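Please keep the sequence and the model in view while reading.

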Amino acid sequence: MNSPTESDAQNYILANIILSQKSANSEILRTVPELQDILQKLWERPNKNRSPEFYLLVLLLFWPDGAKKTGNTLDLKVCVQYMRESYERTYQKYLRFRYLVPLFFLGNGGGLQRLVHQIKFTSLLADEHETPGMEGLQRIEGEIRNHKVFALRGRDQIEVSPHNPASVYNTDLVSFYLGFTIRGPVAYNIRYVKKSAQFVDKHNKHILQRVEKVD
């Protein structure tokens, strides 16, 4: 945990994430804020040659959680940009256009439990259809602009890659499941959201107050 090398710190954080998948109640698990502190200190060190794995850990631990606010925060838009540049520098010439398997998905749990290992969902998301096995994943609100997909997390608009580019055909609000590959965040199972339905959901309370009683 106190090793001065980045590779040791990354391995330590990854070990905690994997352990949380196997034994969520382990007494030696570190909390998310503790692991964030390690990454934040590394982030503040100047280093232009970081690996994609470093940025992957940043995305996994710092992706905004609407249900719980922490004092730790990093600019994920910058992180995604750095991650893609690092991937192109490190792996692009070897992997070229090969399919990148998502390593984790964003789930509905809290803490490290919101990270779901890909082995549970990759086959379910392959055909882009909704199936009963997906209830453990969290749907992310997003928007499509200029044929690009953005995840909307509070004030942040973070660009993500579409798993199926053919599903990006219109400028509109969308929702999707979020996966994390070695190149960056990916939007799976993109669904367009009807703006009228979203308006009603957002203003439901005020609308009901203005409706008179009827038989």
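Tyr 55 counts as buried at 5% relative accessibility, where buried means under 20% relative accessible area, exposed over 50% and partly exposed in between, with a 1.4 Å probe and protein chains only. This is a predicted model, in which local features need pLDDT of at least 70 and side-chain atom pairs count only at pLDDT 80 or more, while totals for chains, interfaces and linings use all residues. Residues are numbered from 1 along each chain as its sequence is written, and side-chain values use heavy atoms, with hydrogens and water left out.

A search of the whole structure finds 9 aromatic pairs, a pair being rings of Phe, Tyr and Trp (its six-membered ring) whose centres lie within 6.5 Å, with planes under 30 degrees apart counted as stacked, over 60 as edge-to-face and the rest as tilted. One of these pairs is edge-to-face and joins Trp 43 and Tyr 55, with 6.3 Å from centre to centre and 90° between the planes. This pair links distant parts of the chain, since Trp 43 belongs to helix H2 and Tyr 55 to helix H3, 12 residues apart; helices (H or I, at least four residues) and strands (E, at least two) are DSSP runs numbered from the N terminus. Another pair is formed by Tyr 169 and Tyr 192, whose ring centres are 4.7 Å apart with planes at 35°, so the pair is tilted. Tyr 169 lies in the loop between S5 and strand S6 (172-180) and Tyr 192 in strand S7, so the pair ties together parts that are 23 residues apart in sequence. Tyr 169 counts as exposed at 56% relative accessibility, whereas Tyr 192 counts as partly exposed at 24%.

Helix H3 (residues 52-62) has 10 of its 11 residues buried, so it is largely enclosed by the rest of the structure. The buried residues of H3 include Pro 52, Phe 54 and Tyr 55, together with Leu 56, Leu 57, Val 58 and Phe 62.

Trp 43 is placed in helix H2 (residues 32-43), and ring pairs link Trp 43, Phe 54, Tyr 55 and Tyr 82 into a cluster. Leaving aside neighbours within four places in sequence, Trp 43 is in contact (heavy atoms within 4.5 Å) with Arg 50, Phe 54, Tyr 55, Val 58, Leu 74, Asp 75, Val 78, Cys 79 and Tyr 82.

## Asn 16 in helix H1

Asn 16 lies in helix H1 (residues 6-22) and is buried, with a relative accessible area of 5%. When residues up to four places away in sequence are not counted, Asn 16 touches Ile 28, Leu 29, Arg 30, Leu 35 and Leu 112.

Arg 84 is found in helix H4 (residues 76-90) and is buried at a relative accessible area of 15%. The side chains of Arg 84 and Ser 161 are joined by a polar contact of 3.3 Å, a term for a pair of N or O atoms within 3.5 Å of which, within protein, one must be able to donate a hydrogen and the other to accept it, residues adjacent in sequence counting only if both atoms are side-chain atoms. Apart from neighbours within four places in sequence, Arg 84 is in contact with Glu 159, Val 160, Ser 161 and Arg 183.

The second largest pocket holds about 530 Å³ of space; on a 1 Å grid over the protein atoms alone, a pocket is an open set of points where a 1.4 Å probe fits, with protein on both sides within 12 Å along at least five of seven lines, and lining residues have an atom within 4 Å of a point. The volume is the space filled by probe spheres set on the points, which are joined across faces, edges and corners. Of the 23 residues that line this pocket, the closest to its centre are Ser 161, Pro 162, Pro 165, Arg 183 and Val 186. At least two lining residues come from each of H4, strand S4 (148-153), strand S5 (156-162) and strand S7 (185-192), and S5 gives the most, with 4 residues.

## Positive phi in two loops

Arg 96, although not a glycine, has a positive phi of about 50°. Arg 96 sits in the loop between helix H5 (92-95) and strand S1 (104-106) and counts as exposed at 58% relative accessibility.

His 147 has a positive phi near 65° and is likewise a residue other than glycine. The loop between strand S3 (139-145) and S4 holds His 147, which is exposed with a relative accessible area of 65%.
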